[in-house]
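Take a moment with the fold before reading on.

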Amino acid sequence: MDAGTYKIIANVICEGYETVRLEAKLTIKKADYDISKVTAKSDPFVYDGTAKTIVPENVPSDVRATPSYYAKMGETWVPVGAPVSVGTYREKINFSCLSENYNPIEPMYVDLTILPAKYDLSSVRFDGVSLTYDAQPHA
């Protein structure tokens, strides 16, 4: 049975006795979904020009996890798209259960950090160039 309120009717019939009709109200409350095993690793990413997201693990098959992202502007976290640029963001993971028999699930918050990439300049060379400053551009 699904969560909700039901009217229960029972007719008690016994030979030689008057039939008795009993009525009761049965309430089945929504359950709390246990997501205590859900984890989200917040290891930092290195900038590569692509959007980053933290994917929660151990999400039950009948629960959907949907991310939303926030960046700090002053003292306020404001909604943004999936993070691409270097910085620290907050990912809010919203959970929804596919069954109406559960109470809403509290969201999970994870900090998402994108670190600057390192340049490999080991193959860059400036051989044979010696200039004296003359305020003119040189190629």
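In which sense do strand S4 and strand S6 pair, and over how many bridges? They pair in the antiparallel sense, over nine bridges. S4 covers residues 63-73 and S6 covers residues 87-97. Within this pair, arginine 64 stands opposite serine 96 of S6.

A word on the basis. This is a predicted model, in which local features need pLDDT of at least 70 and side-chain atom pairs count only at pLDDT 80 or more, while totals for chains, interfaces and linings use all residues. Residues are numbered from 1 along each chain as its sequence is written, and side-chain values use heavy atoms, with hydrogens and water left out. Strands are DSSP runs of E with at least two residues, numbered from the N terminus. Two strands pair if DSSP finds at least two bridges between them.

Now follow S4 to its other partner. Strand S5 (residues 76-80) runs antiparallel to S4, and five bridges join them. Lysine 72 has tryptophan 77 in S5 as its bridge partner. Two residues lie between the strands of this hairpin, and glycine 74 there takes a positive phi near 70°.

Five strands form an open sheet with mixed pairing, in the order S3-S7-S6-S4-S5. Strand S3 (45-46) and S5 stand at the edges with a single partner strand each, so one side of each has no neighbour in the sheet. S3 and S7 run parallel and are joined by two bridges. Here phenylalanine 45 has isoleucine 114 in S7 as its bridge partner. In a regular strand, side chains alternate between the two faces of the sheet.

Next, the buried charge. Glutamate 91 sits in strand S6. Glutamate 91 is buried, meaning under 20% relative accessible area with a 1.4 Å probe and protein chains only. What does the glutamate 91 side chain contact instead? One polar contact (N or O atoms within 3.5 Å, one able to donate a hydrogen and the other to accept it) joins it to the side chain of threonine 53 at 3.5 Å. The glutamate 91 side chain also reaches the backbone nitrogen of isoleucine 54 at 2.8 Å.

Last, the surface. Phenylalanine 126 lies in the segment after strand S7 (105-115). Phenylalanine 126 counts as exposed because its relative accessibility is 72%, and the cut-off is over 50%.

Notes
Helices (H or I, at least four residues) and strands (E, at least two) are DSSP runs, numbered from the N terminus. Lys and Arg count as positive and Asp and Glu as negative; His and the chain ends are not counted. A salt bridge is a side-chain nitrogen of Lys or Arg within 4 Å of a carboxyl oxygen of Asp or Glu.
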